[in-house]
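Visitor: I would like to go through this model with you and ask, for each label, what it rests on.

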Amino acid sequence: MNASTLPDVEQARFNMVEQQIRPWDVLNENVLAALFKVRREQFVPPAYRSVAFSDLEIPLEINAVDTRQNMLAPKIEARLAQELLLKPTDAVLEIGTGSGYQAALLAELAQQVTSVEIDSRLVAFAQQNLQLNHVGNVKVETGDGRNGWGTTEYDAILITGSVPVVPDGLKYQLRIGGRMVVIVGQAPVMTACRITRSTAASFETVNLFETIVKPLRGATVSQFKF
């Protein structure tokens, strides 16, 4: 790809991938291809389109109303997608749909994505974005999925907001061999982890990287202080 001949939007996308995302150890070719294919700027609220490719969180304002939720920084979204270790046949559960962009990335890497969002305004926004971008393998559902969603088992689960502890209800929705990526902790100390269900009753956890993101909507934050 010759960056010098790209139009402005594609140049910005190229710079996002090469300057922000690759240096953050996102090197999986399928993930990188998805980042170029899924048009991030079309999932950003119109007022923030000019910063769609910037290394920052973007407020999710719907019709000038602040939902108090954000799109994560591009490098975080990309790294979360990579760490799920997705296969083209995988069924994925996402908790926290937001703009629908993360779900669209996952949909490029997996067979089917079910995404659960507690805020009905964001459900409508995400559904519109996914439809406009012709993403047909994402189903957005309204509700509180922080402690589990239905009875289906999934190959991969992504929680897009931080939680103080990993919800058991979601862990047990992993198929054996399935992976969950979740950011655990409370500010200022949070760690992204990958949890793999190794047997019916046992799980293996790998710490991936440290970051700080907003708590998952509805997640209970401990008020305990030393």
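**Labels and the values behind them**

Guide: We can begin with a side-chain pair, in which Lys-75 makes a polar contact with Asp-55, side chain to side chain, at 3.4 Å. Please keep in mind that this is a predicted model.

Visitor: Why is the pairing of the side chains of Lys-75 and Asp-55 called a polar contact?

Guide: The separation is 3.4 Å, and the limit for a pair of N or O atoms is 3.5 Å, so the pair falls within the definition. Lys-75 itself lies in helix 3, and, with neighbours within four places in sequence left aside, it is in contact with Gln-20, Ile-21 and Trp-24 as well as with Asp-55.

Visitor: What do the buried residues of helix 1 pack against?

Guide: They pack against helix 2 (29-37) and helix 3 (74-83). The buried residues of helix 1 are Arg-13, Phe-14, Met-16, Val-17, Gln-20 and Ile-21.

Visitor: How do you know that the length of helix 1 agrees with its number of residues?

Guide: Helix 1 covers residues 8-21, and at 1.5 Å a residue its 14 residues should span 20 Å; because its end C-alpha atoms are 19 Å apart, the two values agree.

Visitor: What makes helix 4 largely enclosed by the rest of the structure?

Guide: Of its 9 residues, 8 are buried, and therefore helix 4 is described as largely enclosed. The buried residues are Tyr-101, Gln-102, Ala-103, Ala-104, Leu-105, Leu-106, Ala-107 and Leu-109.

Visitor: Why is Gln-173 called buried?

Guide: Its relative accessible area is 5%, and buried means under 20%, so the label applies. Gln-173 is placed in the loop between helix 6 (168-171) and strand 7 (174-186), and its side chain reaches the backbone oxygen of Thr-152 at 2.8 Å. Apart from residues up to four places away in sequence, Gln-173 touches a set that includes Leu-93, Trp-149, Thr-152, Tyr-154 and Ile-157.

Visitor: Does Val-44 count as buried or exposed, and what is the value behind that?

Guide: Val-44 has 0% relative accessibility and therefore counts as buried. It sits in the loop between helix 2 and strand 1, and, leaving aside neighbours within four places in sequence, it is in contact with Arg-49, Ala-52, Ile-58, Met-71 and Phe-125. Val-44 and Asn-70 are 26 residues apart along the chain, with their C-alpha atoms separated by 9.9 Å.

Visitor: Why does Asn-63 count as exposed, and why is Leu-85 called partly exposed?

Guide: Asn-63 has 72% relative accessibility, and exposed means over 50%, so that label follows. Leu-85 has a relative accessible area of 46%, which lies between the 20% and 50% limits, so partly exposed is the term. Asn-63 is in the loop between strand 1 (58-62) and strand 2, and its phi is near 55 degrees, a positive value in a residue other than glycine. Leu-85 lies in the loop between helix 3 and strand 3, and phi of Leu-85 is likewise positive, near 55 degrees.

Visitor: Which residues does a cis peptide bond join, and what is omega there?

Guide: The bond joins Ala-187 and Pro-188, with omega about 10 degrees. Pro-188 is placed in the loop between strand 7 and strand 8 (189-197).

Visitor: How many cavities of 30 Å³ or more are there, and what lines the largest cavity?

Guide: The count comes to 1 cavity of 30 Å³ or more, and the largest cavity has a volume of about 370 Å³. It is lined by 31 residues, of which Gln-69, Asn-70, Gly-96, Gly-98 and Thr-160 lie nearest its centre. Strand 2 (65-71), strand 3 (91-95), helix 4 (101-109) and strand 4 (112-117) are the elements that give two or more residues to this lining, and the largest share, 3 residues, comes from strand 2. By class, the lining has 11 nonpolar, 12 polar and 8 charged residues.

Definitions and conventions: Residues are numbered from 1 along each chain as its sequence is written. This is a predicted model: local features need pLDDT of at least 70, side-chain atom pairs count only at pLDDT 80 or more; totals for chains, interfaces and linings use all residues. Side-chain values use heavy atoms; hydrogens and water are left out. Helices (H or I, at least four residues) and strands (E, at least two) are DSSP runs, numbered from the N terminus. Buried means under 20% relative accessible area, exposed over 50%, partly exposed in between (1.4 Å probe, protein chains only). A polar contact is a pair of N or O atoms within 3.5 Å; within protein, one must be able to donate a hydrogen and the other to accept it, and residues adjacent in sequence count only if both atoms are side-chain atoms. Contact means heavy atoms within 4.5 Å. On a 1 Å grid over the protein atoms alone, a cavity is a set of points where a 1.4 Å probe fits but cannot get out, and a pocket is an open set with protein on both sides within 12 Å along at least five of seven lines; lining residues have an atom within 4 Å of a point. Grid points are joined across faces, edges and corners, and a volume is the space filled by probe spheres set on the points. Ala, Val, Leu, Ile, Met, Phe, Trp, Tyr, Cys and Pro count as nonpolar, Asp, Glu, Lys and Arg as charged, and the others, Gly among them, as polar. The expected span of a helix is 1.5 Å times one less than its number of residues.
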